[in-house]
Structure formats: structure tokens, C-alpha cells
Amino acid sequence: MATEPCDACGRSVRIAGGVANVWSFETGPSGGMTLELVDDSEHFLCFDCVERLPGDREPTREDVAAVAAEREPGGDDGGGDGE
Ligand SMILES: [Zn+2]
């Protein structure tokens, strides 16, 4: 089974990257997808983070960063994430 860290929350996410993973779609919250944004950046996000992106416009890397900051455990009080 393949996993990949979510670019926003950093959790390992199961990905259906190959054959024989169809069952992963029916087993709940794990999962994610690679998004190609309008600014040509690519981000692998879990579905939980995908849902936090704005739905009324095309998300950008700033939106992904905002989700990441939001999900960062205890990371909203001064930051320090210099990525
Ligand atoms: Zn995530």
C-alpha cells in the first residue's frame, strides 16, 4: 500500500496509486489526491484538507499554505514555518 504525506497537514495518506487499491475508496477517511493549481504548483492533499480549500474559486498555493497553517498543531501562535 502506498502512502504519501499530505502537503498541508503532513499526515500519511493512503493513495490509490496502482491496481488492487479500489477497496481503499470505501474504507473511510483516508485518501488524498494531487491537485494541480492554476499557479502551476502541485500539492498532494488528503481529502480532509481538500475540503478546506475555498470552493468558490480556483485555489492557489496560498490557500494550501493557509490550510497548512490552520492544521499545524500549535503552529498558529507565531509561526516559524519558513517554507
Ligand atoms: Zn491533509
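## Core and hairpin of the predicted model

Leaving aside its neighbours within four places in sequence, Val64 is in contact with Asp7, Ala8, His43, Leu45 and Pro59, where contact requires that the C-beta atoms of two residues, placed from the backbone, lie within 7 Å. This is a predicted model, in which local features need pLDDT of at least 70 and side-chain atom pairs count only at pLDDT 80 or more, whereas totals for chains, interfaces and linings use all residues. Residues are numbered from 1 along each chain as its sequence is written.

Val64 is located in helix α2, helices being DSSP runs of H or I with at least four residues and strands runs of E with at least two, numbered from the N terminus. With 21 other C-beta atoms within 10 Å, Val64 is buried; the term applies if 20 or more other C-beta atoms, placed from the backbone, lie within 10 Å of a residue's own, while 12 or fewer make it exposed and values in between partly exposed. The C-alpha atoms of Val64 and Leu45 are separated by 8.7 Å, and the two residues lie 19 apart along the chain. Leu45 in turn touches Cys6, Asp7, Ala8, Gly32, Met33, Leu35, Val50 and Val64, not counting residues up to four places away in sequence.

The largest nonpolar core has 9 residues, namely Cys6, Ala8, Val13, Leu45, Cys46, Cys49, Val64, Val67 and Ala68. Such a core is a set of buried Ala, Val, Leu, Ile, Met, Phe, Trp, Tyr and Cys residues joined through C-beta atoms within 7 Å. Two or more residues of this core come from each of β4 (42-46) and α2 (61-71), and α2 gives the most, with 3 residues.

Within α2, Val64, Val67 and Ala68 are buried. They lie on the same side of α2 because they cover an arc of only 100° around the axis, the arc being that of the directions from the helix axis to the C-beta atoms. What covers the buried residues of α2 includes β4 and α1 (47-50).

Strand β3 (residues 32-36) runs antiparallel to β4 and is joined to it by 5 bridges, pairing being assigned if DSSP finds at least two bridges between two strands. Two of the bridge partners are listed here.

| Residue | Bridge partner in β4 |
|---|---|
| Met33 | Leu45 |
| Glu36 | Glu42 |

The hairpin of β3 and β4 has 5 residues between the strands, and Asp40 is found in that loop. Most residues other than glycine have a negative phi. Asp40, although not a glycine, has a positive phi of about 70°. Asp40 counts as exposed because it has 7 C-beta neighbours inside 10 Å.

For the protein as a whole, the secondary structure comes to 2 helices and 4 strands, and the elements run β-β-β-β-α-α from the N terminus on. Buried residues make up 17% of the 83 residues. Among contacts between residues at least 6 apart in sequence, 27% join residues at least 24 apart.
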